[in-house]
Amino acid sequence: MSPPRFVPGFDAPDRPRDSALLFAARGFDLLVIDGEGSAPLPTVGQLPSLATQALFLGTLDGVDCYVTALPKDTEAPAGMKFIPGRALYSRVDEDTFGIVGRSLAIAEWDVLHRFCGRCAQPTLLTPGERARRCSACRTPFYPRISPAVIVLIRRGDEMLLARNASFPDAFFSTLAGFVDVGESLEETVAREVREEVGLELKNLRYFGSQPWPFGRSLMVGFTAEYASGEIRVDGQEIAEAGWFGVDRLPRIPPPLSIARRLIDSHIAEVKGRAPSP
């Protein structure tokens, strides 16, 4: 197995920062160099005044990476622009996109927890870990991660895909939902599917996981088989749902997401069983 391209870190190394990549976040927007068809990231050397409070993220292919949280009224410097972090979804490779999401989540955490939620005193960064600790009562504050499940339901060679009413684009995907207090992951899958489309499942199996910082969540993926019930969408979160064969798919999520990995895995399995013409 090849070594990972990105190596996370917490404490800034004692070396020049001019060539380090700077993930400059304004809310969930990221500052990029303006250019046709690409979105290269600026370096600390290009934006030294914006990087004075930057936090170390780690190294990508040996290059240091930093993140800084910018005020909401920050204007983009000449030759640069702010774009939504999600807009980089198909414009950078998977490792870089992972750092984009990580940087936005860390920037938000850094802004939200500069003062203690218990006694209102300033917090300080904790060496050696991603935490801020109250300077008075010592309460620690870590980046929030909300666990969520995502499941591909199969009925023979067909799979259940649904269109979420809040999706900005009209594409179909697998079902997903956040884990509630006191629930196991398995219980969450059963509840979400029952609530959203009225189906019962069997043979639930773990598939994989993916951090998804745009919702500050960890997506835990499963596959399951249809057991019983008729599709009845809730009409609130799910606008429509149906069974789809691998040769008549609606518009599906783009690559890099675990939803697409679940769908692609099912397609490959079905086509792998198909007899040769």
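Predicted model: local features only at pLDDT ≥ 70, side-chain atom pairs only at ≥ 80, totals over all residues.
Q: Which residues have the most contacts inside the largest nonpolar core?
A: Start with the general idea. In soluble globular proteins, nonpolar side chains tend to be buried together. Here the largest nonpolar core has 41 residues. F23, L30, L57, V67, L88, L161 and I263 have the most contacts inside it.

Q: Which elements each supply at least two residues of this core?
A: The strands are β2 (21–26), β3 (29–33), β4 (55–60), β5 (63–69), β10 (146–155) and β11 (158–164). The helices are α1 (94–112) and α3 (258–273). The largest share, 7 residues, comes from α1.

Q: What does I263 touch, leaving out residues up to four places away in sequence?
A: I263 touches L152, M159, L161, T174, I252 and P253.

Q: Which residues does the second, separate core include?
A: V193, V197, A224 and I238 are among its 15 residues.

Q: How do I read a sheet, and in what order do the 6 strands of the open sheet stand?
A: Strands of a sheet pair through backbone hydrogen bonds, either parallel or antiparallel. In this sheet the order is β1-β4-β5-β2-β3-β6, with mixed pairing. β1 (6–8) and β6 (80–84) are the edges. Each has a single partner strand, so one side of each lacks a neighbour in the sheet. From one strand to the next, the twist averages 30 degrees.

Q: How many bridges join β2 to β3?
A: There are 2, and the strands run antiparallel. A25 has L30 in β3 as its bridge partner.

Q: Which strands does α1 touch where it packs on the sheet?
A: α1 touches β1, β2, β3, β4 and β5. Its direction makes about 170 degrees with that of β4.

Q: Why is β11 described as largely enclosed by the rest of the structure?
A: The test is burial, meaning under 20% relative accessible area. In β11, 5 of the 7 residues are buried, so the strand is largely enclosed by the rest of the structure.

Q: Which strand pairs with β11 over 6 bridges?
A: That is β15 (residues 238–244), in the antiparallel sense. N164 has I238 in β15 as its bridge partner. I238 is also one of the residues of the second core.

Q: What joins β10 to β11?
A: They run antiparallel, joined by 2 bridges. R154 has M159 in β11 as its bridge partner. M159 is also touched by I263. The hairpin has 2 residues between the strands. In this hairpin, G156 takes a positive phi near 65 degrees.

Conventions:
Residues numbered from 1 in each chain as written. Heavy atoms only, no water. Core = buried A, V, L, I, M, F, W, Y, C linked by side-chain atoms within 4.5 Å. Buried < 20%, exposed > 50% of the residue type's maximum accessible area, 1.4 Å probe, protein only. Helix = DSSP H or I, 4+ residues; strand = E, 2+ residues; numbered from the N terminus. Contact = heavy atoms within 4.5 Å. Pairing = 2+ DSSP bridges. Axes fitted to C-alpha atoms, helices over the stretch in contact; angles between N-to-C directions.
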